[in-house]
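Here are my notes on the model, point by point. Please read them with the structure open.

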Amino acid sequence: MNKPIFQISPGFEEIMPPEYRELVANGPYGKGFGVSDLGSYKELIEEHPLCAGCGLALSIRLALASLPNPGDTVIVGSTGCSSLVFPQVALHNIHSLFGNQNAVASGLKRALKLRFPDKVKDVVVIAGDGATADIGLDMVMQSWFRRENITTIMLDNEAYANTGGQESGMSRQGAVLNMAPTGKKFPKATLPEVAQAAGCAYVAATSPAHPRMLEKAVRKAVLIAREVGPTYIQLFSPCPTNYKFKPQETIPLIKQREKEGIFRNQEYISDEAQRFLDSLEEARKK
Amino acid sequence: MIEQKVVNPEFLFFTAEKKKLFMTGSEAVREAIRKANVDVAISYPITPQSESMHLVGDLFAEGYVKEYFRGENEFAVMSSVAGAAMAGVRVFTATGGPGTLRAFEVFPTWAGARLPIVCAFMTRGVNSPLTIQPDTIEMAYLLETGILMLHAETAQDLHDMILKAFIVAEKTDVHVPVGVFADGFFVTHTKEALEIPEPDIKLPSYDPNNSPVPPMDMESVPVRQMRDPFVMKSNFISYAAHASWQQEVDAARERSRKYLEKYLGGLLETENEDADVLLVTSGTAVCQSREAMAAARAQGLSVGLVKLKCIRPFPAQEIKALAAKAKAIIVPEFNRVGWLAKEIKSVIDEPGKVIGAPRVYGGMTMPPELILDEIRRVSR
């Protein structure tokens with residue numbers, strides 16, 4: 001690890017859990033790794049309890065591997081399937097309540113700026129579609145209105161999966177789910193458009209079917225959130241358990257949706273955010 | 001930032017020279033926060049609290065508070081102050097009545113996450129029908145959320161308790177939130193003479209390294225917290241982990257007693273405590289009771305007064321001892337449910353001695369004559 005505080009005190013190596021020793025010896029902190037390095041280092045995510053074929057698990061794994069600065073990133077999560085993963089992720093992470101993730105992140109980010117004026121501390125919200133588009137939508141949008149310097153990542157599995165597969169605002173019209181016994185009566189919420197209108201400097205919709213695209217989106221979103229303003233990424237992460245398809249069909253299902261034009265990868269970047277990225281690129285070349 | 005001298009808390013509370021000022025309770029909040037070295041304050045309007053957080057906003061503009069913004073509703077505000085506290089800074093907010101209820105889900109999580117947040121509650125009735133008037137019913141709901149609860153009688157109390165609340169809340173062996181309660185309008189909107197230290201001194205800053213739980217700042221080891229999330233388990237380990245954590249929050253609340261006794265001079269105060277009839281109450285019901293006591297004593301009746309300054313932790317042993325000597329305990333309250341009378345009944349040997357009256361609510365005042373009627377009734 002890149003910080004002395006993470007190192008194991010001499011003599012204690014053997015009693016530390018093996019996965020911790022691996023993180024110290026071969027973790028991603030300060031290394032600048034990306035998704036192409038997966039398999040060559042100890043990942044932030046440890047074994048997790050999500051279902052076989054879970055789209056969320058894929059998205060979380062790739063999103064964590066794409067963080068530009070894992071040594072100084074704090075995650076704010078929310079209730080749902082993803083909250084079962086974060087206790088096993090080697091980043092400071094907060095699970096407060098269902099839906100208040102962007103409010104927590106707002107206070108957290110502002111306080112970290114006060115405490116560490118000369119250091120970048122990235123705050124990244126990672127929560128499900130119910131938490132982001134339904135119960136927490138007011139706080140998500142208000143954090144965008146206020147131009148908070150945080151990244152919001154929605155893991156969109158189109159349902160409340162952890163409570164047994166209920167309709168969410170992100171479910172598709174007509175989907176038959178619990179609490180939608182005769183099919184959903186209104187269309188899937190268009191959060192990327194909402195995010196753009198609400199002031200996000202960068203918005204992307206993609207999926208784990210495109211790891212490189214996902215990586216680029218996460219990196220841009222986190223970097224832009226530091227300096228320009230709030231950013232939003234929506235990751236289509238289908239749920240085999242509640243939508244009743246085979247675990248190995250998760251990625252094919254995303255690709256089929258793309259082919260049918262039902263799901264499309266999107267990217268919006270504000271002029272200011274683009275200028276900021278260009279300036280980073282200029283500085284890198286020099 | 002404004003230049004202020006950092007002094008130790010005891011000096012600020014007890015030794016610093018004080019000046020007499022005539023001000024409202026809301027202004028007393030401003031004067032407390034001016035000296036509290038607050039990092040982040042987050043506001044949301046609700047009558048009768050709004051003015052106090054306007055004034056804290058003025059302090060931000062003047063440079064006494066480092067960060068300040070208006071949140072979108074009380075649930076969000078209480079969540080945002082939690083986020084700021086988790087990042088390891090000193091935070092302050094205030095609300096009241098319906099705002100308290102709107103935010104309610106967050107309060108137990110403050111205690112559960114061991115966050116030393118200080119929140120002022122300017123108590124007010126809750127709907128329906130619509131009311132903006134003083135009433136202490138929200139305190140009944142907050143009793144078992146794990147937060148410490150101090151109840152101010154006056155603007156002076158409010159000023160002093162807010163400053164002391166930060167220091168008690170931030171003790172390593174306490175480190176739970178403190179609610180400082182003041183009766184809306186009666187305290188917030190009326191002026192009284194206060195004695196307060198000069199504004200050129202302030203409390204030492206909060207040190208997150210003294211927290212019993214690490215701040216969420218990636219400056220300490222981010223090792224995974226558990227091998228399986230407890231929520232996935234229906235087994236003994238899950239229950240035991242949750243139960244022991246709740247016990248620890250309770251224990252932290254108990255451990256605050258020694259500090260509260262030191263800084264508040266006791267969890268309660270008495271006048272004529274050997275009297276036959278004791279008026280036991282908190283908040284502005286205390287001043288009304290003091291008036292009633294004076295009138296009763298002038299008529300030769302044996303009446304004493306117990307002012308409760310702290311509701312959580314509850315001064316159970318002290319009340320039990322006082323109650324043993326009294327023939328009757330009268331508990332005047334500004335709410336319909338009589339939560340304080342219930343609390344007192346639950347800790348004394350002879351609960352039949354407790355008269356849960358008078359009770360006024362919905363914003364009504366409590367004329368001392370109502371209390372006097374109860375005193376006369378039991379003294380017959």
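**Notes on the predicted model**

1. Start with the sheet of chain B. This open sheet has 7 strands, ordered β4-β3-β5-β6-β8-β7-β14 (chain B), and its pairing is mixed. The edges are taken by β4 (67-70) and β14 (310-312) of chain B. Each has a single partner strand, so one side of each is left without a neighbour in the sheet. On average, neighbouring strands here are turned by 20° against each other, direction ignored. All of this is read from a predicted model.

2. Within that sheet, look at β3(B) and strand β5 (residues 91-95) of chain B. They run parallel and are joined by 2 bridges. B:Ala41 has B:Phe92 of β5(B) opposite. A helix also packs on the sheet: α8 (residues 155-169) of chain B touches β6 (118-123), β7 and β8 of chain B. The direction of α8(B) makes about 170° with that of β8(B).

3. Next, the domains of chain B. The assignment gives domain 1 (5-209) and domain 2 (268-379). How far apart do the C-alpha centres of domain 1 of chain B and domain 2 of chain B lie? The separation is 27 Å. Contact between these domains involves 21 residues of domain 1 of chain B and 20 residues of domain 2 of chain B.

4. Which elements of chain B give two or more residues to the domain 1 side of that contact? They are α7 (137-142), β7 (148-152) and β8 (178-183) of chain B. β7(B) gives the most, with 5 residues. By class, the side of domain 1 of chain B that touches domain 2 of chain B has 13 nonpolar, 5 polar and 3 charged residues.

5. Now the interface between the chains. Here 37 residues of chain B are in contact with 35 residues of chain A. On the chain B side, β3 (40-43), α4 (74-86) and α6 (106-112) each supply at least two residues. The largest share, 9 residues, comes from α4(B). By class, the chain B side that touches chain A has 20 nonpolar, 8 polar and 9 charged residues.

6. Chain A has an open sheet of 7 strands too, in the order β2-β1-β3-β4-β6-β5-β7 (chain A), with mixed pairing. β2 (93-95) and β7 (266-269) of chain A stand at its edges. Each pairs with a single strand, so one side of each lacks a neighbour in the sheet. The twist from one strand to the next averages 15°.

7. Strand β4 (residues 151-156) and strand β6 (residues 231-236) of chain A pair in the parallel sense, over 6 bridges. A:Leu155 has A:Leu235 in β6(A) as its bridge partner.

8. Last, a helix pair in chain A. Two packed helices are described by the angle between their axes and the distance between the axes. For helix α2 (residues 55-66) and helix α7 (residues 211-227) of chain A, the axes come within 9 Å and cross at roughly 50°. α2(A) and α7(A) are therefore oblique to each other. The crossing of α2(A) past α7(A) is right-handed.

9. Which residues make this helix contact? From α2(A) come A:Leu62, A:Ala63 and A:Ser66. They meet A:Pro211, A:Leu214, A:Glu215, A:Val218 and A:Arg219 in α7(A). By class, the contact of α2(A) with α7(A) has 5 nonpolar, 1 polar and 2 charged residues.

Technical notes
Residues numbered from 1 in each chain as written. Chains lettered and ligands numbered in written order. Predicted model: local features only at pLDDT ≥ 70, side-chain atom pairs only at ≥ 80, totals over all residues. Contact = placed C-beta atoms within 7 Å. Helix = DSSP H or I, 4+ residues; strand = E, 2+ residues; numbered from the N terminus. Nonpolar A, V, L, I, M, F, W, Y, C, P; charged D, E, K, R; others polar. Domains from an automatic or database assignment. Pairing = 2+ DSSP bridges. Axes fitted to C-alpha atoms, helices over the stretch in contact; angles between N-to-C directions. Parallel < 35°, antiparallel > 145°, perpendicular 65-115°, else oblique. Left-handed = near helix turned anticlockwise from the far one by under 90°.
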